[in-house]
Amino acid sequence: MKYFRKQESEARSLMLSQILEPEAADRLGRIRMVKESRATDVENRLIMLARSGQLRQKVTEDQLKDMLASLSEHEKQTGHTMESVKVVRRGGWDDDDLDDLLKEV
């Protein structure tokens with residue numbers, strides 16, 4: 001099983017090196033350091049596009065940025081990220097209430 005994962009990882013790396021310009025690969029690597037799941041999602045999409053023949057040339061850094069922006073916009077619309085969490089405070093409690101509680105003690 002471990003051998004299979006290593007082999008799959010090497011195959012992904014090889015394919016990505018063939019479809020990404022060096023600047024785009026660097027950016028994807030930096031994204032991986034910050035959020036690995038985001039980088040994996042982007043890699044999966046790129047590999048899918050390459051396998052289906054939709055990539056006619058290597059992906060540039062600008063094209064990768066556009067793809068990331070598109071993914072971010074999609075996530076905002078569908079609500080699948082933590083960015084869409086809305087904090088709703090229930091009424092009746094404010095900073096003065098804490099002062100009132102401390103005075104009573």
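Which pattern does the protein follow, read along the sequence? In this predicted model, the order of elements is α-α-α-α-α.

View 1. When contacts between residues at least 6 apart in sequence are considered, 67% of them join residues at least 24 apart.

**View 2. Helix α2, residues 22-34, and its buried face.** The end C-alpha atoms of α2 are 19 Å apart, which agrees with the 18 Å that its 13 residues should span at 1.5 Å a residue. Within this helix A24, L28 and I31 are buried. Seen down the axis of α2, the buried residues fall within an arc of 55 degrees, so they line one face of the helix, whereas P22 and M33, on the other side of α2, are exposed. The buried residues of α2 pack against two helices, α3 (36-51) and α4 (61-78).

**View 3. Helix α3, its buried residues and what covers them.** With 16 residues, α3 reaches 22 Å from its first C-alpha to its last, close to the 22 Å expected at 1.5 Å a residue. The buried residues in α3 are R38, A39, V42, E43, L46, I47 and L49. Because these buried residues fall within an arc of 165 degrees when seen down the axis of α3, they line one face of the helix. Their cover includes α1, α2 and α4, while on the other side of α3 the residues E36, M48 and R51 are exposed. Just after α3, G53 takes a positive phi of about 80 degrees.

**View 4. The crossing of helices α1 and α3.** Two packed helices are described by the angle between their axes together with the distance between those axes. The axes of α1 (residues 2-19) and α3 come within 10 Å and cross at roughly 70 degrees. Angles of 65 to 115 degrees count as roughly perpendicular, which makes α1 roughly perpendicular to α3. From α1 the contact is made by R12, M15, L16 and I19, and from α3 by T40, E43, N44, L46, I47, A50 and R51. Among these α3 residues, E43, L46 and I47 are buried, whereas R51 is exposed.

Technical notes:
Residues numbered from 1 in each chain as written. Predicted model: local features only at pLDDT ≥ 70, side-chain atom pairs only at ≥ 80, totals over all residues. Heavy atoms only, no water. Helix = DSSP H or I, 4+ residues; strand = E, 2+ residues; numbered from the N terminus. Contact = heavy atoms within 4.5 Å. Expected span 1.5 Å × (residues − 1). Buried < 20%, exposed > 50% of the residue type's maximum accessible area, 1.4 Å probe, protein only. Arc of directions from axis to C-beta. Axes fitted to C-alpha atoms, helices over the stretch in contact; angles between N-to-C directions. Parallel < 35°, antiparallel > 145°, perpendicular 65-115°, else oblique.
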